[in-house]
Amino acid sequence: MNSHIATWFELPVIDMQRAQSFYRNVLDAAFKDEEMNGFQLAIFDAEAGAVSGMLVLGEQYQPSPTGAVVYLNGGENLNTPLDKAIQNGGSVLVPKTPIHDGECGYFALFLDSEGNRVGLYSQA
């Protein structure tokens, strides 16, 4: 049984090429492209057993700045992906912010190239 609360995520996109470029540049992400039942999918490359997800282009998927928030791994320093987000057409909603004075790590929120509110998390 999987011990993670979150097991999968899907980020809606309007322009698949733009969205993949954004996440490649911001998180150094790699993708596996697929199509299923008329939906375009770009699955984030992840290690076996890791929680992962995908970008989805399809009629029932609409980006939103007010929906559920997915927190992605921000690496060693959240300022690095936040700067890359700005350079690639995104914007910072909440800058790197300590959780309990940094004892529980740090978080930040940004809008991606498609208009989704996305979170970042790191230990330092």
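The structure, a predicted model, holds 6 aromatic pairs, where rings of Phe, Tyr and Trp (its six-membered ring) are paired if their centres lie within 6.5 Å. Helices (H or I, at least four residues) and strands (E, at least two) are DSSP runs, numbered from the N terminus.

The ring centres of tyrosine 23 and phenylalanine 44 are 5.8 Å apart and their planes stand at 80 degrees, so this pair is edge-to-face. Tyrosine 23 lies in helix H1 (residues 16-27) and phenylalanine 44 in strand S3, so the pair ties together parts 21 residues apart in sequence. Tyrosine 23 is buried at 0% relative accessibility, and phenylalanine 44 is buried with a relative accessible area of 10%; buried denotes under 20% relative accessible area, exposed over 50% and partly exposed in between (1.4 Å probe, protein chains only). Phenylalanine 9 is likewise buried. Ring pairs link Phe9, Phe22, Tyr23, Phe31, Phe44 and Phe110 into a cluster.

The charged end of lysine 96 sits over the ring of tyrosine 106, 4.8 Å from its centre (criterion: NZ of Lys or CZ of Arg within 6 Å of the ring centre and within 35 degrees of the ring normal).

Residues are numbered from 1 along each chain as its sequence is written, and side-chain values use heavy atoms, with hydrogens and water left out. In this predicted model, local features need pLDDT of at least 70 and side-chain atom pairs count only at pLDDT 80 or more, while totals for chains, interfaces and linings use all residues.

Conventions:
Phe/Tyr/Trp six-rings, centres within 6.5 Å; stacked < 30°, edge-to-face > 60°.
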